[in-house]
Amino acid sequence: TGAIGLYNVGQSCCLNSLLQVFLMNIHFTGILRRIAVPPRARQKRRNVPYQMLLLLEEMQCGKRKAVFPIPLAHCLSVYRVKLFVQHDAAQLFLTLWNLIKDQMKKPELVEELSYLYTICVQEHLTCQKCSLETKRNSRMLTLPLPMLDADSRVLKTLEDCLRYFFRPEELTDHNMCFCEQCGRRTPFLQSMKLVHLPQTLTIHLKRFCFAASSYVHKLSHCLPFPQDLDFNAVLTENQCQADDNEKASWQYELFAVIAHSGSTSCGHYCAYVQSLTERKWYCFNDSQVCQVSWDDVKCTYGHSSLNWAETAYVLIYMKKHPQ
């Protein structure tokens with residue numbers, strides 16, 4: 001089935017969960033299998049994509065229930081990805097992705113990897129005095145969605161979080177910007193419009209936040225997320241900057257959930273992944289792998305009175321009808 005576990009080799013549950021999500025993505029492994037093999041032994045030991053490929057082959061060719069990701073862990077330690085420390089899954093995802101991209105030698109594979117994961121948005125800044133508007137295109141690897149609004153009120157669904165993320169925001173008082181046309185600091189309206197969504201869409205739920213005392217705490221309240229997500233039904237026309245052909249492909253199906261249990265200082269990660277070949281859900285909890293149901297996945301919605309329970313932290317959606 002390809003559902004093979006990874007042994008924990010020193011608080012590596014976060015790394016293991018991310019590796020399972022990468023390696024269960026057949027679009028990603030299709031790119032990984034075409035990398036250029038480093039010519040020298042030392043280069044092979046230090047090359048992250050090559051070590052991921054070796055791990056994938058060991059997982060697929062072996063008959064064990066789990067394998068040790070030690071060579072890859074040693075490789076990552078060269079780039080300051082340490083074992084025996086608590087990692088943040090959203091931050092480690094960005095670190096891994098950039099290491100993979102930077103160490104791929106074939107330009108066409110770098111382009112494919114970027115197209116597979118990169119979100120394109122257009123940022124708008126409009127002066128509220130003279131209506132001068134500036135635009136800037138930017139790229140993102142994740143959508144970092146707040147779970148509270150500006151008044152610290154709970155956002156109740158994933159769709160609410162998406163609408164809030166793309167809402168226009170007034171920049172006033174100490175947040176005012178300098179307007180070249182007015183020649184002074186003025187109130188501005190800041191907005192972000194969606195231009196392009198990738199085949200593999202990564203959403204980061206910002207469950208860890210600073211309290212007034214600078215103490216990091218976890219937001220464990222319930223946040224339902226759908227199996228099927230249509231961005232055309234969530235965002236308004238004013239929140240999109242894309243043609244009809246692009247928007248026609250904005251229909252997604254949930255592929256994976258990286259869930260966190262425990263507190264900010266002492267936690268554990270596991271991954272729920274839907275096999276793209278079998279259409280079955282699996283829970284990858286380090287070396288333990290078992291088939292689960294959608295009801296099991298929904299248990300990661302969160303609960304305000306169960307702060308230590310498994311709570312969805314990173315969501316990965318897969319495009320239903322890629323262009």
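Mentor: Let's talk about confidence, helix packing and salt bridges in turn.

Trainee: What should I know before reading the details?
Mentor: This is a predicted model, so local features need pLDDT of at least 70 and side-chain atom pairs count only at pLDDT 80 or more, while totals for chains, interfaces and linings use all residues. Residues are numbered from 1 along each chain as its sequence is written, and side-chain values use heavy atoms, with hydrogens and water left out.

Trainee: What's the mean pLDDT of the chain?
Mentor: The mean is 92, and 97% of the residues reach 70 or more; pLDDT is the predictor's confidence in each residue, from 0 to 100.

Trainee: Which elements have the lowest and highest mean pLDDT?
Mentor: Strand S11 (residues 208-210) is lowest at 76, and strand S10 (residues 200-205) is highest at 98. Helices (H or I, at least four residues) and strands (E, at least two) are DSSP runs, numbered from the N terminus.

Trainee: OK, packing. At what angle do H6 and H7 pack?
Mentor: Helix H6 (residues 89-102) and helix H7 (residues 107-117) pack at about 155 degrees, with axes 10 Å apart. Axes are lines fitted to C-alpha atoms, for helices over the stretch in contact, and angles run from 0 to 180 degrees between N-to-C directions. That makes H6 roughly antiparallel to H7 (under 35 degrees is roughly parallel, over 145 roughly antiparallel, 65 to 115 roughly perpendicular, the rest oblique).

Trainee: Which residues make the contact of H6 and H7?
Mentor: From H6 you have Phe 93, Trp 97, Ile 100 and Lys 101, and from H7 Val 110, Leu 113, Ser 114 and Tyr 117. Contact means heavy atoms within 4.5 Å. They divide into 6 nonpolar, 1 polar and 1 charged (Ala, Val, Leu, Ile, Met, Phe, Trp, Tyr, Cys and Pro count as nonpolar, Asp, Glu, Lys and Arg as charged, and the others, Gly among them, as polar).

Trainee: And how do H1 and H4 cross?
Mentor: The axes of helix H1 (residues 13-23) and helix H4 (residues 48-61) come within 11 Å and cross at roughly 80 degrees, which makes H1 roughly perpendicular to H4. H1 brings Leu 19, Gln 20, Phe 22 and Leu 23, while H4 brings Met 52, Leu 55, Leu 56 and Met 59. That contact has 7 nonpolar residues, 1 polar and no charged.

Trainee: Switching topic: how many salt bridges does the structure hold?
Mentor: There are 11, a salt bridge being a side-chain nitrogen of Lys or Arg within 4 Å of a carboxyl oxygen of Asp or Glu. Take Arg 34 and Glu 112, with N to O at 2.6 Å. Arg 34 sits in the loop between helix H2 (26-32) and helix H3 (41-46), and Glu 112 is in helix H7, 78 residues apart, so the pair links distant parts of the chain.

Trainee: Where do Asp 160 and Arg 163 lie?
Mentor: Both are in helix H8 (residues 158-165), 3 residues apart, about one turn of the helix.
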